There are 2 protein chains.
Amino acid sequence: MTVMTETAKRRPGARIEEVARVAGVSKSTVSRVINDEQYVSAKAREAVHAAIAQLGYAPNQAARALAGHRANAIALVVSEPSGRVLSDPFFAGVLRGVHRELTGRHMQLLLMMSQPSDTEDLVTYLSSGHVDGALLVSLHGEDPLVPMLNEIGLPVVVGGRPLGKTSVPFVDADNFTGGLDAARHLVSLGRKRIATVAGPKDMAVGADRLNGFKRGLSEAKIATDLVAHGDFTPESGTRAMERLLQKAPDLDAVFVAADIMALGALQVLHAQGRRVPEDVAVIGFDDSVFAASATPPLTTIRQDVEELGRTMTWRLLAELAGEQGLPPSLLLPTSLVVRTSA
Amino acid sequence: MTVMTETAKRRPGARIEEVARVAGVSKSTVSRVINDEQYVSAKAREAVHAAIAQLGYAPNQAARALAGHRANAIALVVSEPSGRVLSDPFFAGVLRGVHRELTGRHMQLLLMMSQPSDTEDLVTYLSSGHVDGALLVSLHGEDPLVPMLNEIGLPVVVGGRPLGKTSVPFVDADNFTGGLDAARHLVSLGRKRIATVAGPKDMAVGADRLNGFKRGLSEAKIATDLVAHGDFTPESGTRAMERLLQKAPDLDAVFVAADIMALGALQVLHAQGRRVPEDVAVIGFDDSVFAASATPPLTTIRQDVEELGRTMTWRLLAELAGEQGLPPSLLLPTSLVVRTSA
DNA sequence: AGCTAGTGTGAAAGCGCTCTCTCGGCAGAT
DNA sequence: ATCTGCCGAGAGAGCGCTTTCACACTAGCT
């Protein structure tokens, strides 16, 4: 009779029990070592580490989460109808920052998308012990997600100031000052008829940049009537620019509230024979990957989106760690990057 | 002595036990309903559904994973030194596709980054019951990740043909044909001195597009010596284009193997006073968001990256579901999109 | 009537951890 | 010597599910 090969789906690797046996200690001690707790002798600690290495042991996350009441994971919730944000370098930057801040800690990142239609489901899901906290980006209007998550007591940090009066911790770039600096720069160039392609009205980013910009123009007694709204896509930049040129063929400068929309704006300017920056000065916002590679290279307001992601994550993890006296919200500086377009 | 308020972190919502009680059945039956199994009477099923709705019950995922030997999650592993890929619209598209394919199924997406330095850690982690399968994108060279994951028996699908002889299921765009079509289009335009900014040498995407392109030129008896490599960043496109112009000032067309690099190339062409497409025809690859918004609008080879993401996910889920006779790998069609630049 | 075969259901044994409890030992104070 | 503490370690009770297994009940056959 031949010996049957055991093919049952057996998790590769050992369980904590085996590690304990090899190290000559109890499961409890192994657990203590894994979780870096105190009250373990150096000798025991070393024995456990050796056993872990020898067996190639990896603790089962599900079991840890179940027994330990924490998931060792956070969610990044992208709240956008079509998931369009994903194409935005802003999102990519945030994602990179989040990830960078997460490496080293034993935390995983869950990516979730939120459509208005299934907010309920999302909340249910987030409350099912899946994650320890959530990062929300690209909130529109007064998203019900925030109060709902608040209610179930899930720690949350929002990227980009949320609209409305909810007092949830958030991290944002100093969009107002950014818009202000953009306006001042155009003014300092001697431009007189200054327009703007602003962001969506239902997002604070859009409103803040626009307000800063208007403030800058007002300082110089320049009219603030030339405003067209886009939605952070290149096409919307194209359309907004066309509208502006139609309304004010004599404009000599434009502040586009996102590089990605500026791409579309530049194309229209080029197609209509306006030279940039000779005829029309263009200044963007973000200093994203394409700013330097635009035609011509784009002068822009730099915001460090990666830092934004890192800061959000840091803030959330600090809260999870139970740290006290955390700043409710943080504003990251922006800076002017002068290239060719303005 | 005052009564301490109970602040213990208690999961909001009920457990399966409570649902069972409210529905007047056993835990087993509730579990069967949740998992859509057979052998449950219509009456019991309804009672359970009602109880779930009433209690706002959400099954604890950790417990399910632990007891059920499956995580209900897959990982998307981005294998790139610096996580640079994240900024690439290619990645964003894939992500969107993956997500779209995942919605509705009860599957979560874990995002993981793989540096060559911590491949071991990654593998350990992936094998710890965290995920049921993995999607790998942006593999360079012969990544050891593939054989390692193969060894631990984790189902894997790769996005973009992996280099080397490993026989892992993959999904890719038909890059060869795409490159071929790009070359033929430039030839059909009457261009004679045709260059290319190719992708990195250690990725199949790069090699495939380049080979297709060379084949296309050869058909027309045109020299294939004008090749400069980039790494899918705008800056690398800039540098590669500068090198090409230096080597062959008389070039009249260039195939840039990614729109994002084409942005940089267009800028150089513009700066050096070459008109596009009059002096130099430019054709990109991807048809990403900025292709249409480039200056001038970019003629390009379209690949449906979102479809790529969906297909990868579909393939992986099918395998997880135990489906038989799945195609080992799939090639998605590309198509020529003619705009202004060529 | 007696036997299968197929349905519907519940009891209970884990899944692999964490964490509370308990207890021995050993320092320093009495 | 005896009494406190505190450090270090193990036993064992869950965490909230899934999944056998056993059992009851229906038909549909001999």
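Tutor: Start with Gln108(A). Leaving aside neighbours within four places in sequence, Gln108(A) is in contact with Asn72(A), Ala73(A) and Leu110(B). This is a predicted model, where local features need pLDDT of at least 70, side-chain atom pairs count only at pLDDT 80 or more, and totals for chains, interfaces and linings use all residues. Residues are numbered from 1 along each chain as its sequence is written, while chains are lettered from A and ligands numbered from 1 in the order in which they are written.

Student: What makes Leu110(B) a contact of Gln108(A)?

Tutor: Two residues are in contact if their C-beta atoms, placed from the backbone, lie within 7 Å. Leu110(B) is listed among the contacts of Gln108(A), so that pair meets the cut-off.

Student: Which strand holds Gln108(A)?

Tutor: Gln108(A) is found in strand β2 of chain A, residues 108-114. Strands (E, at least two residues) and helices (H or I, at least four) are DSSP runs, numbered from the N terminus.

Student: How do you know that β2(A) and β2(B) pair?

Tutor: Two strands pair if DSSP finds at least two bridges between them. β2(A) and β2(B) have 3 bridges, in the antiparallel sense, so they pair. Leu109(A) stands opposite Leu111(B).

Student: How many residues does each chain bring to the contact?

Tutor: Chain B gives 51 residues and chain A gives 51 residues. On the side of chain B that touches chain A, α6(B) supplies the largest share, 6 residues.

Student: What makes the relation between the chains a two-fold axis?

Tutor: A rotation of 180° with 0.0 Å of shift along its axis superposes chain B on chain A, with RMSD 0.1 Å. That is the relation of a two-fold axis.

Student: What makes a set of residues a nonpolar core?

Tutor: The set holds buried Ala, Val, Leu, Ile, Met, Phe, Trp, Tyr and Cys residues, joined through C-beta atoms within 7 Å. The largest has 96 residues, and Val282(A) and Val282(B) have the most contacts inside it. A second, separate core of 90 residues includes Leu76(A) and Phe90(B).

Technical notes
A residue is buried if 20 or more other C-beta atoms lie within 10 Å of its own, exposed if 12 or fewer, and partly exposed in between; C-beta atoms are placed from the backbone. Copies are superposed by least squares on the C-alpha atoms of residues with pLDDT of at least 70 in both.
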